[in-house]
Amino acid sequence: MQQNAAKSQAKPQAKHNGAKYIAAIDQGTTSTRVFITDTDGNVVSHAQFEHRQHLPRQGWLEHDPVEIWRNTRRAIVEALADIDLADEDISALGITNQRETAVIWEKATGRPIYNAIVWQDTRTNPPDSRDQYRYHEQTGLLHNSYPAGPKWAWILDHVDGARERAANGELLAGTIDTWLIWNLTGGAREPHNALHLTDVTNASRTLLMDLKSLEWSSSLCDDLRVPQEILPQIRPSIGRFGAVRSRGPLAGVPITGVLGDQQAALFGQNCLTQNDAKMTYGTGLFMLLNTGQTPVHSETGMLTTVAYQIEDQPAVYAQEGSVAVGGSLIQWLRDQLGIIKTAAETETLAAQVEDSGGVTIVPAFSGLFAPRWRPDARGIICGLTRYVDKRHIVRAALEATCLQTFEVVRAMGGDPSELKVDGGMTDNDLLMQMQADILGVDVARPENIETTVMGAASAAGMGAKLIDAPLPLGPITTFESEMAGPDRDRLIAQWEDAVERSYGQV
Ligand code: ADP
């Protein structure tokens, strides 16, 4: 079992004289992290534990919810202990989480009846992909393998007696936020206190919530065969989710902010005004554009989702464009091709050549997502000549990231004057400069690129009325576009030609 407690570096000593701190849990696909920040956005402590990835079959991915809950407690304890804080120093707790990952557990014991089915798991892919737009108008989502609802139905169908037990009121369903809130507020030891809640952003990723009413839709629940009785109550993201149980760390601390991970990054980047957008460069690439109080349906392959809702206020919506392969292409260069040793090396290698030497990489490892949605595409590298060496390939990989981002930004429409960016890949200055060049707009990177967990802390701080705007992320570095128009056009034309060649491979 791989579990690394990542130690934070030189931490300032926390002030205990009445200072208020916010704790935030970031329950991600590979690890669970806890950050503690003051109300000025200074991160005073953090801790992280990885959890196991269970791959029972090709295309399946599961997590053990009990391991995730244990890691959450351990990360909270370590983050507190490292800086010598006590429960009473923490004024609010926020949660952000991997979205669309589905759990069902026993109300009486807290025991999951099956592992969590992770968002990337493809077992619920409908057989006919022409049907994917069936629920788009009502939910903003495509009916593909991602949403949580069909995953709950799969568990109910495949665990002996589960449908009867659900009908008897013995089972509870949730996404990871719901699982953590239920455990934090009581769990198996105090099941009568435990609260069964979710926030509106997580609920918007299930295929069961009506985007306008913000309630579970009985027709969707019927169609997708998920009994409404097992679903949590939907709450505004910035509001009240109860207080942490007395047993265990953070006793009595109110949970006041809950957001799905991409929405948390949007919130953390302070994209609270219509037309504000952020792009997160992690394993995949995720763009969210704030569209204000109306859900806007796209004709160009974007999803419509809830961005956040503050208690007693209308919900704010977003358009979302997700690209499957971002940083994972860099991992592939490192782990499969072995042409780099570290992700950071891409910057030095790519900087040694002026361009990619005519090479284009289309990283359609499992088809292409937004804006093209082509499950039949597969990865290709084209334009190879005897002149090309690994530096050109590495540069082409960075270009592929920028060109995929360009396509999503273009498909979103609007005319952004700058793109706010975050995520692990944005450490790479060359990538950021190439992105500004290819987009033709400024790229703005905050000093603190941990926007997801900062978004959860901001939501919690605002929910507890400790702050009235998202926490600052430090000075912004702006990358300005320097590329001449014709050069950009040539690069884009070359990319579009390569993408066409990637189609029809399966
Ligand atoms: P996630 O939250 O999806 O796990 P992160 O935001 O932690 O992802 O980013 C990690 C990804 O970024 C990895 O895929 C890694 O290959 C890539 N990455 C990290 N540093 C760099 C870098 N300097 N240049 C290019 N890619 C990078």
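Helix axes here are lines fitted to C-alpha atoms over the stretch in contact, and angles run from 0 to 180 degrees between N-to-C directions. With that in hand, α9 and α11 pack at an angle of about 160°, their axes 9 Å apart. This is a predicted model: local features need pLDDT of at least 70, side-chain atom pairs count only at pLDDT 80 or more, and totals for chains, interfaces and linings use all residues. Residues are numbered from 1 along each chain as its sequence is written. Helices (H or I, at least four residues) and strands (E, at least two) are DSSP runs, numbered from the N terminus.

**Helix pair α9 and α11**

- Two packed helices are described by the angle between their axes and the distance between the axes.
- The helices α9 and α11 are therefore roughly antiparallel to each other. Angles over 145 degrees count as roughly antiparallel, under 35 as roughly parallel, 65 to 115 as roughly perpendicular and the rest as oblique.
- The crossing of α9 and α11 is right-handed. A crossing is right-handed if the near helix is turned clockwise from the far one by less than a right angle, and left-handed if anticlockwise.
- From α9, the contact uses L329, I330 and L333; from α11, it uses V394, A397, A400 and T401. Two residues are in contact if their C-beta atoms, placed from the backbone, lie within 7 Å.
- The residues of the α9 contact with α11 comprise six nonpolar, one polar and no charged. Ala, Val, Leu, Ile, Met, Phe, Trp, Tyr, Cys and Pro count as nonpolar, Asp, Glu, Lys and Arg as charged, and the others, Gly among them, as polar.

**Helix pair α11 and α12**

- Helix α11 (residues 390-412) also packs with helix α12 (residues 429-439), at an angle of about 40° and with axes 9 Å apart.
- The pair α11 and α12 is therefore oblique.
- The crossing of α11 and α12 is right-handed.
- On the α11 side, the contact residues are L398, E399, T401, C402, L403, T405, F406 and V409. They meet L430, L431, M434, Q435, I438 and L439 of α12.
- The residues of this α11 contact with α12 split into 10 nonpolar, three polar and one charged.

**Covered helices**

- Helix α12 is mostly covered, with eight of its 11 residues buried. A residue is buried if 20 or more other C-beta atoms lie within 10 Å of its own, exposed if 12 or fewer, and partly exposed in between; C-beta atoms are placed from the backbone.
- The buried residues of α12 are L431, M432, M434, Q435, A436, D437, I438 and L439.
- Their cover includes α11, β18 (418-422), β19 (442-446), β20 (476-479) and α14 (485-502).
- G440 follows α12 and has a positive phi, near 75°.
- In helix α3 (residues 148-158), eight of the 11 residues are buried, so α3 is largely enclosed by the rest of the structure.
- Buried in α3 are A148, G149, P150, K151, W152, A153, I155 and L156.
- These α3 residues pack against β6 (102-106), β7 (116-117), α4 (162-167), β8 (171-175) and α7 (218-224).

**Ligand shell**

- Around the ligand are 18 residues, of which G282, T283, G327, G424 and N428 come nearest. A residue is near a molecule or strand if its C-beta atom, placed from the backbone, lies within 6 Å of it.
- The elements giving two or more residues to this shell are α9 (327-337) and α10 (345-351).
- Helix α9 gives the most, with four residues.
- The shell residues divide into five nonpolar, 11 polar and two charged.

**Backbone exceptions**

- Most residues other than glycine have a negative phi, and most peptide bonds are trans.
- N270 has a positive phi of about 60° although it is not a glycine. N270 sits in the loop between α8 (261-268) and β12 (277-281). N270 is buried, with 20 other C-beta atoms within 10 Å.
- N275 has a positive phi of about 80°, and it is not a glycine either. N275 also belongs to the loop between α8 and β12. N275 is partly exposed, with 14 other C-beta atoms within 10 Å.
- A cis peptide bond joins A370 and P371, with omega about -5°. P371 lies in the loop between β16 (360-362) and β17 (380-382).
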